[in-house]
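I opened my notebook for a friendly first look around a structure that is new to me. These are the entries, in the order I looked things up.

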Amino acid sequence: MKSPIPLTQFPQTNIFRKGDVFVLFGELFDRGYATHLVDQARRAGMEIVGITVGRRDENNALRPLNDEELAAAEARIGGKIINVPLMAGFDLDAPAGGPTPTDLLANMTLESWEADKLDWSHIERCREVGVERFRTSLSEVMRILDGMIPDGRNVYFAHTMAGGIPKAKVFMVIANRIYKGRGARHMSSQTLLDSDLGKLILQNFDEVSANTFRHLIDLSAGIRARVEASGGQVRYSAFGYHGTGILVSGEYRWQTYTNYTQGYAKMRLERIAQEAWASGIKATVYNCPEIRTNSSDVFAGIELPLIPLLLALKKEGGGDWVEAQWQACRDLLAEEYTVEDVLQKIADMQTSDVMRPFYDFSAWPMPNSPGQSDLAIGTSSEITAMHKDGKALISDLLSRLVVEAVGQLIFGESSAPSGPVLWLNHDIVARTLVRTNGASRDALAAA
Ligand SMILES: NC(=O)c1ccc[n+]([C@@H]2O[C@H](COP(=O)([O-])OP(=O)(O)OC[C@H]3O[C@@H](n4cnc5c(N)ncnc54)[C@H](O)[C@@H]3O)[C@@H](O)[C@H]2O)c1
């Protein structure tokens, strides 16, 4: 991908109707990107089907959800959950009797990890066991799902899986320093990637955040063939991240959160969609804006590019509803601060010499640097401190709005997607919100 390909038009076509089937490939969490995609499917009258990653018992063995967990998950998604554990990644897999990658990491210490070596032939065997486990479970999921889809219905598979951080004490400390450390606590993300620990983590990210999309496309081939033969259509979407175009000094410009260690896996995800697309399968990765969710809270400063959405909302039309969002943001700040103060802090950061090298799309995902970490993490904590309550932030409010707009755009575009990889930049997100007053697809249709 040499440059970002933005979605510029509102989706015009809708193939999804009552009785069609929407499959969420990942669990649903409260603030997550998938929430509004599921809402859109529900509004269209689709049957909602979910999966589970399963849970670990006291011996780390993967188990299905128990009755109580299953009932809660089905209530949350508003549909049926296929209760076969689909935990991806191989951090807790191993050939019978052998140590798992997580066991091997347990021997690493803060003093030793940079030089510690892993046995790569053993790691490869663990990876094969994990992939085999995932694909076997997914085949079972597909067998059950096949029985839930009547002929002639359209099917929408929405991939949302991302993750793969192994539960190793040493990595928790390192991650804290890479994503949250300033000054003496700064740690270079490149040092991590140069180590065996880092190389293992990148492989696990690939398995969870990218290869699961390929397994989904491959192992649903039977369903796809049957659905298409009976006059229905099948679509696949996945949430990507590869920076976002936001307003900087009055112009939309690509920028990124740094260091996005998962970026290699996200580029692999893009390639999987491109390969599927080349063989006639409608699979699209939508690269989405930075928001705060259960998964992204670990990245201090990820919310900084989100806040200038307030400027995009004005640029793309403004109006009473936009003014109401500005007012709601003003109300979250302590008396002595204005929204303009917050935006100025972000502008100062974005236009500083320290950040300039990081606006290179072709070099993504760049490693962090002491100056960049210091500025981004410092700006983030200063802005948090400008709020009345550190737990009720402008970025919470804007994250909710982005999730709504992105849900509408992805669901809308997926009927007749224009390509395998599309960026949802702040311009189209703001236009969607202005057009619908942050409301719903019904409002979009009426506009
Ligand atoms: N938050 C952001 O700023 C942002 C930006 C762009 C794209 N995205 C993408 O959006 C998608 C949803 O993320 P979110 O931020 O809404 O957070 P989320 O926490 O709501 O979703 C994370 C998803 O990953 C799944 N998952 C985690 N570990 C897994 C594993 N080992 N095996 C299988 N599934 C696993 C969870 O079940 C869940 O469905 C992800 O693909 C993420 O990369 C997020």
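**Leu-398**

I began with Leu-398 and found it in helix H14, residues 394-413. Helices here are DSSP runs (H or I) of at least four residues, strands are runs of E of at least two, and both are numbered from the N terminus. This is a predicted model, so I note that local features need pLDDT of at least 70 and side-chain atom pairs pLDDT 80 or more, while totals for chains, interfaces and linings use all residues. Residues are numbered from 1 along each chain as its sequence is written, and side-chain values use heavy atoms, with hydrogens and water left out.

Is Leu-398 buried or exposed? Leu-398 counts as buried because its relative accessibility is 0%. My cut-offs are under 20% relative accessible area for buried, over 50% for exposed and partly exposed in between, with a 1.4 Å probe and protein chains only.

Next I looked up what Leu-398 touches, leaving out residues up to four places away in sequence, and wrote down Leu-306, Ile-307, Leu-309 and Leu-310. Contact means heavy atoms within 4.5 Å. I also checked Glu-303: 95 residues separate Glu-303 from Leu-398 in sequence, and their C-alpha atoms are 9.3 Å apart in space.

**H14 against H1**

Staying with H14, I turned to its packing with helix H1, residues 34-43. The two axes are 8 Å apart, and the angle is about 50°. Axes are lines fitted to C-alpha atoms, for helices over the stretch in contact, and angles run from 0 to 180 degrees between N-to-C directions. H1 and H14 are therefore oblique to each other. For the terms, under 35 degrees is roughly parallel, over 145 roughly antiparallel, 65 to 115 roughly perpendicular, and the rest oblique.

Which residues make the contact? From H1 I listed Thr-35, His-36, Leu-37, Gln-40 and Ala-41, and from H14 I listed Val-403, Glu-404, Gly-407, Gln-408, Ile-410 and Phe-411.

How many residues of H1 are buried? I found 7 of its 10, so H1 is mostly covered. Among the buried ones are Ala-34 and Val-38. After H1 comes Gly-45, with a positive phi near 85°.

**Ser-415 and Phe-16**

Then I moved to Ser-415, in the loop between H14 and strand E11 (421-423). Ser-415 is buried, at a relative accessible area of 2%. Leaving aside neighbours within four places in sequence, Ser-415 is in contact with Thr-13, Asn-14, Ile-15, Phe-16 and Arg-235.

A search of the whole structure gave me 15 aromatic pairs. In one of them, Phe-16 and Tyr-156 are tilted, at 5.5 Å centre to centre with 45° between the planes. Rings of Phe, Tyr and Trp (its six-membered ring) pair if their centres lie within 6.5 Å; planes under 30 degrees apart are stacked, over 60 edge-to-face, and the rest tilted. This pair links distant parts of the chain, 140 residues apart: Phe-16 is in the segment before strand E1 (21-25), and Tyr-156 is in strand E6 (residues 155-159). Both Phe-16 and Tyr-156 are buried.

Arg-253 lies over the face of Tyr-359, 4.0 Å from the ring centre, and Lys-282 lies over the face of Trp-277, at 4.9 Å. The rule is NZ of Lys or CZ of Arg within 6 Å of the ring centre and within 35 degrees of the ring normal.

**Ile-272 and Asn-211**

Ile-272 is in helix H9, residues 263-278, and is buried at 3% relative accessible area. Beyond four places in sequence, its contacts include Asn-211 and Phe-213.

I followed up Asn-211, which is in helix H7, residues 196-219. Asn-211 counts as buried, at 10% relative accessibility.

**H12 and H13**

My last stop was helix H12 (residues 339-350) with helix H13 (residues 370-385), which pack at about 175° with axes 10 Å apart. That makes them roughly antiparallel. Where they meet, I noted residues including Val-342 and Met-349 in H12, and Leu-375 and Ile-383 in H13.
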